[in-house]
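Reader: I would like to learn how to read helix packing and ring pairs in a model. Please take them one at a time.

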Amino acid sequence: MITNLQDTTTLHNGVKMPWLGLGVFKVEEGQELVDAVKFAINHGYRSIDTAAIYANETGVGQGIREGLHEAGIPREALFVTSKVWNADLGYEETLAAYETSLQKLGLDYLDLYLIHWPVAGKYKEAWRALETLYKAGKVKAIGVSNFQVHHLQDLMEDAEIVPMVNQVEYHPRLTQQEVQAFCREHNIQMEAWSPLMQGQLLDHPVLQELARKYGKSVAQIILRWDLQNGVVTIPKSTKPHRITENADVFNFTLTDEDMARISALNENLRVGPDPDNFDF
């Protein structure tokens, strides 16, 4: 049972990962970013998710340092994720990209390092690099992002280590049931990016009705649905009241019937690129 913001799921290698974290996609370098990360940590968040391509690792690192200092907690209390970008997929390139991310963040290690996109012909070498980093103790856990079932199957044919996490676009209009079933079967923790569909779900009548029923916001209803489905979630916000609101999802439970109603909204609709058809 997930009862508070610091509750964790245990990855298949024994590492504990918070169920809810702060995403910083599209947040530019600057004071707003630093303040958001710092505020989240002070408010009890213990997971921060960034990526090389977001071009904001430096600000995230500053926010982490200031947040840890103000909250009076050690680095080990925080779970920090970053991702290797497509241009750096390759054995040596990925090893170098990891060091660059660490340098920008000002950290000695990451808790989770992900391959950002399944670029055909490139992700296996990158995975070999992640395995090397993991075996050397430089990163606590390794995983992938935006991998469909066939990408995971292909990767696992040659992999020594099964990915610990698969971070995918996931929300009530894209429930990714096949991916989730595969991840469950192989003990890969699924994680949601864009859980609120970039705000496109906030005026959905079914979700609004449920929000009224539970006395919660639509965002809180969706995030609760993620958690009750066993999916780690990282809503993005820089606004203190939203960061607070997004974390206020531990004092109610959606009924099985309401969970099913939300899942029934699936249309296999993406706001982000299609992992089977992207060109970057």
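Reader: At what angle do helix α5 and helix α6 pack?

Author: Axes are lines fitted to C-alpha atoms over the stretch in contact, with angles from 0 to 180 degrees between N-to-C directions. In this predicted model, where local features need pLDDT of at least 70 and side-chain atom pairs pLDDT 80 or more, α5 (residues 149-158) and α6 (residues 177-185) pack at about 30 degrees, with axes 9 Å apart. That makes α5 roughly parallel to α6 (angles under 35 degrees). Residues are numbered from 1 along each chain, and side-chain values use heavy atoms.

Reader: Which residues make the contact?

Author: Contact means heavy atoms within 4.5 Å. Val 149, Leu 152, Gln 153 and Met 156 of α5 meet Glu 178, Val 179, Phe 182 and Cys 183 of α6.

Reader: How is a pair of aromatic rings described?

Author: By the distance of the centres and the angle of the planes. Rings of Phe, Tyr and Trp (its six-membered ring) pair if their centres lie within 6.5 Å; planes under 30 degrees apart are stacked, over 60 edge-to-face, the rest tilted. The structure holds nine such pairs. Tyr 98 and Tyr 113 are edge-to-face, at 4.8 Å and 70 degrees. This pair links helix α3 to strand β6, 15 residues apart. Tyr 170 and Trp 225 are stacked, at 5.0 Å and 10 degrees.

Reader: Is Tyr 170 buried or exposed?

Author: Buried means under 20% relative accessible area, exposed over 50%, and partly exposed in between (1.4 Å probe, protein chains only). Tyr 170, at 1%, counts as buried, and so does Trp 225, at 0%.

Note on methods
Helices (H or I, at least four residues) and strands (E, at least two) are DSSP runs, numbered from the N terminus. Angles under 35 degrees count as roughly parallel, over 145 as roughly antiparallel, 65 to 115 as roughly perpendicular and the rest as oblique.
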